[in-house]
Amino acid sequence: MQARERLLRERSAQAERLESLGRLAGGVAHDFNNLLAVILSAAELASDPAAREAEVRADLARVLGAADSARQLCRQLLLFARGESVDVEAVDLNAVLVSVRDLLAYVVGEHVRLVTRPAATPLLIEAERSRLEQVLVNLVVNARDAMPDGGTVEIEASTARVEDDPAFPDVRPGWHALLVVRDTGAGMTNEVAEHIFEPFFTTKAKDKGTGLGLATVYGIVKEFGGGISVESELGVGTTFRMLLPCAQRGDLVAAR
């Protein structure tokens, strides 16, 4: 009897692993298909003989942006497959917001309004630029999917002093950069919000997502030495708050 129960448990575990792999494969295929659609449409517009030089440059920029996002998706998978670590350096959060804004606007589409509010002064943080961009793309894609009928995504950078915040128990005390991403989407229940950072957890259809996007965001923010929290209300929207350590505390205090 024990051998039979053990065999049944092993088969059940194997079935769960196969189901997870199936969701992962379907989600990755969906994400890559979206990126290829961007690349193909932008390349087609760029090849139009009637297109002006400025339009061609803009279309090529979209091709490069989508190709870079595809590369980030591959790195996202490797992050979970191999547990890769990140090499942090001093990065200006404001500069990243400015450089990635066009790509984010293209990602959300015309039915979603994108608002970015950089900090008043340069805001140096300890991060890796490409993975910081990945965090923004993943959060914006998540917000877009929560607003199929349109809405607004706001990204705001500022500073915050942390002493003893229960929402960020692992964040060291002191001044930090505060990065907020909020949307006016469908929102989530508390039960769903408690699981959204878990790998392979998703409320989307099987072929509409990997369940890795927010888990990757969580992992990257933690690798930076920061923290992330979420607040959500059904029918109102969702807000993600991230605290990211500064590269130089003097710079962060001066940027208040």
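Predicted model: local features only at pLDDT ≥ 70, side-chain atom pairs only at ≥ 80, totals over all residues.
Eight bridges join strand β5 to strand β7 (residues 237-245), and the two strands run antiparallel. Within the pair, Leu-178 stands opposite Leu-243 of β7. Strand β5 also has a partner in strand β4 (residues 151-162), again in the antiparallel sense, and here ten bridges are found. One of the facing pairs is made by Ile-155 and its bridge partner in β5, Val-181.

How many of the ten residues of β5 are buried? Nine of the ten are, in a strand that spans residues 174-183, so β5 is largely enclosed by the rest of the structure. For a reader new to accessibility values, a residue counts as buried when its relative accessible area is under 20%.

These pairings belong to a wider arrangement. Five strands form an open sheet in the order β2-β4-β5-β7-β6, and the pairing in this sheet is mixed. Which strands lie at the edges? They are β2 and β6 (227-233), each of which pairs on one side only. Neighbouring strands of the sheet are turned against each other by 15 degrees on average, with direction ignored.

Helix α4 lies across β4, β5 and β7, and runs at about 170 degrees to β7. This helix, residues 129-145, also meets helix α3 (residues 93-108): their axes come within 10 Å and cross at roughly 40 degrees. The crossing of α3 and α4 is right-handed. On the α3 side, the residues in contact include Leu-93, Val-96, Leu-97, Val-100, Leu-103, Leu-104 and Val-107. On the α4 side, they include Leu-132, Leu-136, Val-137, Val-140 and Val-141, and also the charged residues Arg-129, Glu-133 and Arg-144.

A closer look at strand β4 brings in Thr-152, which is found in this strand. Is Thr-152 buried or exposed? With a relative accessible area of 17%, Thr-152 is buried, as the value falls under the 20% limit. Leaving aside residues up to four places away in sequence, Thr-152 touches Arg-113, Val-115, Met-147, Arg-182, Asp-183 and Thr-184.

Side chains of opposite charge can pair when their charged atoms come close. The structure holds ten salt bridges, and one of them joins the side chains of Arg-117 and Glu-154, with an N to O distance of 3.2 Å. Arg-117 lies in strand β2 (residues 112-117) and Glu-154 in strand β4, so this pair ties together parts that are 37 residues apart in sequence. Salt bridges with shared partners then join Arg-117, Glu-154, Glu-156 and Arg-182 into one network. Arg-117 itself counts as partly exposed, at 36% relative accessibility.

Other salt bridges sit within a helix. In one, the side chains of Glu-53 and Arg-57 meet at 2.9 Å, N to O. These two residues are four apart in helix α2 (residues 53-82), and are therefore separated by about one helical turn. In another, the side chains of Asp-59 and Arg-62 meet at 2.6 Å, N to O. Asp-59 and Arg-62 are three residues apart in α2, which again corresponds to a separation of about one helical turn. Arg-62, the partner of Asp-59, counts as partly exposed at 28%.

Of its 256 residues, 41% are buried. The protein exposes about 13,800 Å², and carbon and sulfur atoms supply 54% of that area. Contacts between residues at least 6 apart in sequence give a further summary: 76% of them join residues at least 24 apart.

Notes: Residues numbered from 1 in each chain as written. Heavy atoms only, no water. Buried < 20%, exposed > 50% of the residue type's maximum accessible area, 1.4 Å probe, protein only. Pairing = 2+ DSSP bridges. Contact = heavy atoms within 4.5 Å. Areas by Shrake-Rupley, 256 points an atom, 1.4 Å probe, with all protein chains shown as cover. Salt bridge = Lys/Arg side-chain N within 4 Å of Asp/Glu carboxyl O. Axes fitted to C-alpha atoms, helices over the stretch in contact; angles between N-to-C directions. Left-handed = near helix turned anticlockwise from the far one by under 90°.
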